[in-house]
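Look at the structure below. Then work through the exercises one step at a time.

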Amino acid sequence: MSKHTALAAVIVTALSTPAFAASTLTLYTSQPNEDAQMTVTAFEKAHPDIEVKWIRDGTTKLTARLQAELAAGGAAPDVLLIADSVTMESLKKQDLLAAYKSPEASRYDAQLYDPQGYYYGTKLITTGIAYNTRAPVKPGSWQDLLKPELKNMTTLPSPLYSGAAQIHMATLMNDPQLGFAWYEKLKANGAMPQSGNGAVMNAITSGSKGYGVLVDYMAIREKAKGAPIEFVFPKEGVSIVTEPVAMLKNAKNPDGAKAFIDFVLSDAGQRLVLKQGYLPADANLPAPEGFPARESIKLMPYDPAKALADTDANKKRFADLFGNR
């Protein structure tokens, strides 16, 4: 082989060999498919050396899958991006998460992340009051749902089925002006639970119920499509689901997991949340279209660890009051 031929072979080999081998990151997420794809695409663009393989399902099913995989000694994800902090607290208690102090966390309200860095909230999905535009009363307070003129006109998601409803109940239970007494009065006023938020929204938009306890984005998106629905952030405040992100203790790609956490908490990641139509966890960013001014939204205090400890008791009280709906 001549020197020229040998040199050409080296050049061809160099051009055909990647400058780096892409690492693989496995993500389990409960985000809607479109949102999950947007998140993964944006992350891969920011980190071209990392390829994300992702699986999407509901939080309950994903955690059951994770537990089964770990019990069988099989593969598990590197990172989780799921609905609620109560589930993350449970996984933390089981010693399944790895602590990571993200440099991005300093911009966030301490209520939105675990102080030891086991998980971080990425957005604020609030629960407030939705009502049909033909309903006779425009509510502005949680107490308004107890008015006699709203008798038999209200529905709500069940914490036996909905994670957001579970967190909402845990939040209200710790409010001295509301508490379980509010649920008892709501039941006495004829309120009937549905399984989840989707069923509540359908009941309101169809007109079968005039009022409901509902997550913000569902009502706001349906209104934008022309549905006869309005959403109110009650004056006492709203409960929040934060869609937290966390790294697994046995992550095969811990560096990639840390990069993913940093990305979703970064300015670029939070602007993506805003583009998707959610309230970003970063208080420096505005509310999305269809929402009121961010400063007008009052967030109710919430303790994920206490909510986890109270979960079974709260579910039992709800079931005893409303039945297993």
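This is a predicted model: local features need pLDDT of at least 70, side-chain atom pairs count only at pLDDT 80 or more; totals for chains, interfaces and linings use all residues.

Residues are numbered from 1 along each chain as its sequence is written, and side-chain values use heavy atoms, with hydrogens and water left out.

**Exercise 1.** Describe how helices H2 and H9 cross.

Step 1. Locate them: H2 spans residues 33-46 and H9 spans residues 254-265 (helices are DSSP runs of H or I, at least four residues; strands are E, at least two).
Step 2. Their axes come within 11 Å and cross at roughly 110°.
Step 3. Angles of 65 to 115 degrees count as roughly perpendicular, so H2 and H9 are roughly perpendicular to each other.
Step 4. List the contact (heavy atoms within 4.5 Å). H2 gives Thr-39, Ala-42, Phe-43 and Ala-46; H9 gives Gly-256, Ala-259, Phe-260, Phe-263 and Val-264.

**Exercise 2.** Is Tyr-217 buried or exposed?

Step 1. Find Tyr-217 in helix H8, residues 216-224.
Step 2. Apply the cut-offs: buried is under 20% relative accessible area, exposed over 50%, partly exposed in between (1.4 Å probe, protein chains only).
Step 3. Tyr-217 has 17% relative accessibility, so Tyr-217 counts as buried.

**Exercise 3.** Examine the phi of Asp-95.

Step 1. Recall that most residues other than glycine have a negative phi.
Step 2. Asp-95 is not a glycine, yet its phi is positive, about 60°.
Step 3. Asp-95 sits in the loop between helix H4 (85-93) and strand S4 (97-98).
Step 4. With a relative accessible area of 43%, Asp-95 is partly exposed.

How values were computed: Axes are lines fitted to C-alpha atoms, for helices over the stretch in contact, and angles run from 0 to 180 degrees between N-to-C directions. Angles under 35 degrees count as roughly parallel, over 145 as roughly antiparallel, 65 to 115 as roughly perpendicular and the rest as oblique.
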